[in-house]
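Trainee: Could we go through this structure together? I would like to begin with its pockets and then turn to helix packing.

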Amino acid sequence: MDQDDPYRHTSVADRVPNPYGERDGRGPEGLGGWLIAVAAILGLSAAFAILSLGLAVFGGGLSGDLSPEYLGYVRARVAVDALLLPLALAALTLFWRKSRWFPHTFVAWAAVAAFGKGVRPWMMAMTGDVSLVMALATPLLWALLWYGPWIVYILRSRRVRNTFAARR
């Protein structure tokens, strides 16, 4: 009875160790692959938000010396960066902790970032410098061409699913 069942068929894949580090046929996992680019994007986003907020506050970007249109743009950009910074930092923290909440936080960050790309064209449309179509097309194009593929990757990737799965 200690012998294997002679009628049980095992494939070669079951007998040979997987050279790619996959366990139990689940697929890739860990903070590798395209997730490295995701971490870099979040880190750069946090750095640029800190830089933007610092320039606005300490560089005189919010002073009354600016034209009303530009001051409105700076205030809107500061508001977007004030939302992006904590979201990026929270997403990075959840990323390194391999939390199951990371994908949701990343999608929220990407949505706010895509919206934030439309701040300048929207403010320019309000002053008449740019058409309203351009103001609406800019965040939509950013969302579709840049943030969209990253959101799809985060939501559909086997590596992301395996790395950030709920722990049992």
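**Pocket and helix packing**

Mentor: The largest pocket holds about 360 Å³ of space. Please keep in mind that this is a predicted model.

Trainee: Which residues are closest to the centre of the largest pocket?

Mentor: Leu-44, Ser-45, Phe-48, Lys-117 and Tyr-147 are the closest to the centre, out of 16 residues that line the largest pocket.

Trainee: And which helix supplies the largest share of the lining?

Mentor: That is H2, with six residues of the lining of the largest pocket. At least two lining residues come from each of H2, helix H3 (68–96), H4 and helix H6 (132–156).

Trainee: How do the lining residues divide by class?

Mentor: The lining of the largest pocket has 10 nonpolar, three polar and three charged residues.

Trainee: Changing topic to packing: what describes two packed helices?

Mentor: The description consists of the angle between their axes and the distance between the axes.

Trainee: What is the angle between H4 and H6, then?

Mentor: H4 and H6 pack at about 175 degrees, and their axes are 9 Å apart. Angles over 145 degrees count as roughly antiparallel, so that is the description for H4 and H6.

Trainee: Which residues meet there?

Mentor: On the H4 side they are Phe-102, Pro-103, Phe-106, Val-107, Trp-109, Ala-110, Ala-113 and Ala-114. Their partners in H6 are Pro-139, Ala-143, Tyr-147, Trp-150, Ile-151, Ile-154 and Leu-155. The contact of H4 with H6 comprises 15 nonpolar residues, with no polar and no charged ones.

Trainee: How far apart are the axes of H2 and H6?

Mentor: The axes of H2 and H6 are 11 Å apart, and the packing angle is about 130 degrees. These two helices are therefore oblique to each other, and their crossing is left-handed. H2 contributes Leu-35, Ala-37, Val-38 and Ile-41 to the contact, while H6 contributes Trp-146, Trp-150, Tyr-153 and Ile-154.

Trainee: What classes of residue make up the contact of H2 with H6?

Mentor: Eight nonpolar residues make up the contact of H2 with H6, and no polar or charged residues take part.

Trainee: One pair remains. At what angle do H2 and H4 cross?

Mentor: Helix H2 (residues 35–58) and helix H4 (residues 102–116) cross at roughly 50 degrees, with axes that come within 12 Å. H2 and H4 are therefore oblique to each other, and H2 passes H4 in a left-handed crossing.

Trainee: Which residues in H2 meet H4?

Mentor: Val-38, Ile-41, Leu-42 and Ser-45 in H2 do so, against Phe-102, Phe-106 and Trp-109 in H4. By class, the contact of H2 with H4 has six nonpolar residues, one polar and no charged.

Terms used:
Residues numbered from 1 in each chain as written. Predicted model: local features only at pLDDT ≥ 70, side-chain atom pairs only at ≥ 80, totals over all residues. Heavy atoms only, no water. Axes fitted to C-alpha atoms, helices over the stretch in contact; angles between N-to-C directions. Helix = DSSP H or I, 4+ residues; strand = E, 2+ residues; numbered from the N terminus. Parallel < 35°, antiparallel > 145°, perpendicular 65-115°, else oblique. Left-handed = near helix turned anticlockwise from the far one by under 90°. Contact = heavy atoms within 4.5 Å. Nonpolar A, V, L, I, M, F, W, Y, C, P; charged D, E, K, R; others polar. 1 Å grid on protein atoms, 1.4 Å probe; cavity = no way out; pocket = protein on both sides within 12 Å on 5 of 7 lines; lining within 4 Å. Points joined across faces, edges and corners; volume = space filled by probe spheres on them.
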